[in-house]
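Please look over the notes below with the model open beside you. They are set out as numbered points, each on one part of the chain.

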Amino acid sequence: MTDAVHYEKLGDIAVLAIDNPPVNALGQAVRQGLKEGMSQAEADGAKAVVIYGEGRSFPAGADIREFGKPPMEPHLPDVCARIEASPLLVVAAVHGTALGGGLEVALGADYRIAVPAARVGLPEVLIGVMPGAGGTQRLPRLIGAESAVDIIASGRQVGAQEALELGIFDRLEEGAPREIGLAYASELVEQGAAPRPIREMPNPVPIDFDAAYEATLKKGRGQLSPAVAIRGVQAACELPFDDGMKRERDLFWELMETDQRQALIHAFFGERAVSKLPELEGVAPREIAHVAVIGGGTMGAGIATAALLSGLDVTLLEMNAEAAEAARERITSNLSGALKRGKIDEAKLAHLTETALTLATDYDALAQVDMVIEAVFEDMSVKKQVFEKLDATCKAGAILATNTSYLDVNEIAASTSRPEDVIGLHFFSPAHVMKLLEVVVADKTAPDVVATGFALGKRLGKVSVRAGVCDGFIGNRILAVYRAAADNMILDGASPFQIDAALEDFGFAMGPFAVADLAGLDIGWAVRKRKREEGLPANARDPHFADRLCEAGHFGQKTGKGFYVYEKGSRGRKPNEEVLEHIAADREAMGITPREFSDEEIVRRYMAAMVNEAAMVVGEGIARRPLDVDMTLLYGYGFPRHQGGPLKWADLQGLSGLLDDIKHYAAEDPVFWKPAPLLEELVAEGRTFDDLNKEET
Ligand code: T1G
């Protein structure tokens with residue numbers, strides 16, 4: 001027996017305890033142990049076998065770290081088949097999250113018991129593959145094709161009660177998995193229950209698989225795995241079991257070989273690695289129980305909502321009682337979403353908005369808070385006034401954070417006597433929904449203040465990324481460049497509508513101009529005006545077509561018209577042809593003769609600009625690693641997850657080809673296109689952005 005699976009025999013019942021922390025992933029030692037344990041139980045004359053997980057969970061799946069390496073025997077489908085083929089009664093006792101291969105092992109058993117808090121699922125499609133150990137063959141036989149397609153194509157987790165009702169679990173019982181498994185197995189043995197291998201159940205009734213496939217492919221905006229997994233379920237309906245298993249395996253390996261699998265695994269591990277900073281090893285965060293938010297507008301109310309939902313007490317400071325009450329209404333409205341989704345009930349809503357939330361109009365109310373998050377108007381002089389007051393009011397050790405999206409945090413810190421307690425916490429709107437949090441570390445920010453920023457992010461359920469101080473930090477700095485690349489393509493002949501469509505085909509939920517309409521065109525307008533005041537680089541192209549829209553009061557969705565026209569009451573959008581006249585005027589003023597752009601060129605240029613600026617951001621140390629940029633774009637800017645993030649995408653495309661493109665573009669427009677030194681260095685050395693991730697992590 002391997003030490004990853006402990007074997008013991010109690011009377012007529014053998015027990016296989018899987019012990020492979022942290023999530024009992026089904027690595028080679030576990031698979032070996034299960035196979036040997038089944039043989040041992042049969043050799044010992046046992047009548048039944050109980051399989052359960054030690055620690056926090058029944059196996060949460062195959063060991064994703066083995067992906068991309070030569071597969072090692074015994075293979076998981078064979079282990080599941082071995083369990084199913086046993087003449088003994090096999091009981092799986094489930095707690096925690098039985099996911100992927102974990103659920104597939106449980107489906108190899110004859111009976112499945114679980115604790116009421118257990119959850120199951122087949123989330124393989126979320127990491128670019130599909131169930132590959134019988135999940136697409138056994139689950140449909142057990143619960144029907146339609147329910148199986150829902151669970152497999154969505155990758156969602158299913159609660160124990162729903163799993164019981166579907167037929168995945170036979171019984172729910174409070175208690176330790178080992179105990180409830182033993183008791184259930186004893187009962188079954190006494191009843192003379194017979195093994196009931198799922199492979200012997202009839203083929204499930206088919207659904208319209210072509211329709212399901214097409215609909216899923218469209219919904220996934222080009223992600224392959226959910227749609228391909230449906231073909232696995234189709235095999236369960238149309239083929240004998242063993243042929244279905246072979247079909248599943250073939251489809252699984254097709255997906256395993258895709259770039260999307262590499263991209264999605266990169267996103268899975270990147271989401272966890274990004275908030276592990278070597279410089280914070282052993283640095284204890286400060287205690288945070290009571291936070292203050294200054295400013296109850298959209299951002300402040302969103303931040304307060306996130307803090308309240310995480311169990312923190314919040315004092316929200318506004319200029320006057322009326323503004324403070326308006327903020328409470330915004331927070332209550334934000335929380336009504338959580339109420340509708342069943343995350344909180346009415347009593348909790350009342351507690352959060354009337355007890356946990358305190359409104360204030362006087363800075364003295366902030367004297368004892370542990371942290372202040374400032375979310376006032378994006379103007380340096382206003383922010384400096386706020387921080388001077390906080391410096392004079394807040395207790396020693398209170399953390400003073402600014403939610404600024406681009407202003408210089410060093411300058412804000414310098415307006416206090418305690419710059420070591422000042423940090424940037426850049427939330428993304430809506431702050432109680434968007435997962436990205438840029439933790440902006442100023443020159444004098446103390447390590448335990450950084451650690452506290454990450455601890456707060458974790459508590460709020462955010463993906464926190466460390467950012468250095470520059471205009472726009474990581475995300476907005478890169479956004480400004482790829483948005484400018486799109487503007488330049490418009491000046492040269494493309495239309496905003498073609499650009500949006502091309503990037504939505506690439507996988508973005510919305511193209512850049514639809515996003516600008518959503519965020520509000522006045523935001524970009526203010527940035528362009530600020531940058532003009534600061535002085536643009538000589539010969540920089542400075543389009544005005546978006547300004548013309550704003551001057552006419554068209555700010556996008558909130559005014560019903562921007563790049564698109566938004567009909568009242570309909571979610572649709574129609575191109576606003578007026579913008580084409582403004583574009584033509586710009587081209588004429590710049591003496592440009594427009595040319596055709598292919599969708600492929602649009603994506604290539606847009607992505608080249610994004611990758612190049614991202615390489616500068618990493619090269620300058622504003623982002624610690626390439627994966628930090630990838631997580632920023634995935635969690636804050638709608639970058640398609642199945643493309644992995646801009647720098648993973650660049651690695652998969654090939655850096656030398658990208659650099660060649662950028663040099664070609666630079667020959668046309670040397671002002672906008674300057675190859676990033678880091679990109680040139682990696683190409684020269686034959687290295688990838690992933691190589692840098694490995695060095696740093
Ligand atoms: N393999 C390897 N490591 C894993 C892992 C896995 N399957 N799941 C989690 N980890 C690591 C994770 O990287 C982290 O490591 C630690 O465990 C704690 O995880 C044949 C082929 C189970 C819901 O996709 O969804 O089965 O950072 O921080 O928030 O059909 O982990 O501590 O070093 O996420 O409590 C299918 C993926 C695999 C499940 C727990 N299974 N995991 O969440 O903790 S493919 C999955 C999760 C498969 C078969 C196919 C979550 C979780 P570190 P965590 P958590």
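Which backbone nitrogen does a side-chain oxygen of aspartate 345 reach at the start of helix 14? The points below begin with that contact.

1. This is a predicted model, in which local features need pLDDT of at least 70 and side-chain atom pairs count only at pLDDT 80 or more, while totals for chains, interfaces and linings use all residues. Residues are numbered from 1 along each chain as its sequence is written, and side-chain values use heavy atoms, with hydrogens and water left out.

2. At the start of helix 14, a side-chain oxygen of aspartate 345 comes to within 3.2 Å of the backbone nitrogen of alanine 347. Such a polar contact is a pair of N or O atoms within 3.5 Å; within protein, one must be able to donate a hydrogen and the other to accept it, and residues adjacent in sequence count only if both atoms are side-chain atoms. Helices (H or I, at least four residues) and strands (E, at least two) are DSSP runs, numbered from the N terminus.

3. Helix 14 spans residues 346–356, and its buried residues are Leu349, Leu352, Thr353 and Ala356. They cover an arc of only 125° around the axis, which puts them on the same side of helix 14; the arc is that of the directions from the helix axis to the C-beta atoms. Buried means under 20% relative accessible area, exposed over 50%, and partly exposed in between (1.4 Å probe, protein chains only). Glu346, Ala347, Glu354 and Thr355 are the exposed residues carried by the face turned away from the buried side. The buried residues of helix 14 pack against helix 12 (298–309), strand 11 (313–317), helix 13 (321–340) and strand 12 (357–360), where contact means heavy atoms within 4.5 Å.

4. Asparagine 576 is found in the loop between strand 19 (574–575) and helix 23 (578–589), and at 3% relative accessibility it counts as buried. A polar atom of the side chain of asparagine 576 lies 2.8 Å from the backbone oxygen of glycine 562. Not counting residues up to four places away in sequence, asparagine 576 touches Phe497, Leu549, Lys561, Gly562, Phe563, Tyr564 and Val565.

5. Glutamate 248, in helix 10 (residues 241–256), is buried, with a relative accessible area of 0%. The side chain of glutamate 248 reaches the backbone nitrogen of alanine 133 at 3.4 Å. Leaving aside residues up to four places away in sequence, the residues that glutamate 248 touches include Met130, Pro131, Ala133 and Gln137.

6. An open sheet is formed by 3 strands in the order 5-7-8, with mixed pairing; two strands pair if DSSP finds at least two bridges between them. Strand 5 (97–99) and strand 8 (157–159) stand at the edges, each with a single partner strand, so one side of each is left without a neighbour in the sheet. Strand 5 and strand 7 (residues 119–121) pair in the parallel sense over 3 bridges, and the bridge partner of alanine 98 in strand 7 is valine 120. Helix 3 (residues 101–108) packs on the sheet, touching strand 5 and strand 7, and its direction makes about 85° with that of strand 5. Axes here are lines fitted to C-alpha atoms, for helices over the stretch in contact, and angles run from 0 to 180 degrees between N-to-C directions.

7. Which residues come nearest to the ligand, of the 27 around it? They are Arg56, Glu104, Glu124, Arg272 and Lys276, where a residue is near a molecule if one of its heavy atoms lies within 4 Å of it. An oxygen atom of the ligand is 2.7 Å from an N or O atom in the side chain of glutamate 124, and an oxygen atom of the ligand is 2.8 Å from a polar backbone atom of glycine 101. A nitrogen atom of the ligand is 3.1 Å from an N or O atom in the side chain of arginine 65.

8. In strand 15 (residues 422–427), 6 of the 6 residues are buried, so this strand is largely enclosed by the rest of the structure. Val422, Gly424 and His426 point one way from strand 15, while Ile423, Leu425 and Phe427 point the other way. Strand 14 (residues 399–402) runs parallel to strand 15 and is joined to it by 3 bridges, whereas strand 15 and strand 16 (residues 436–440) pair in the antiparallel sense over 4 bridges.
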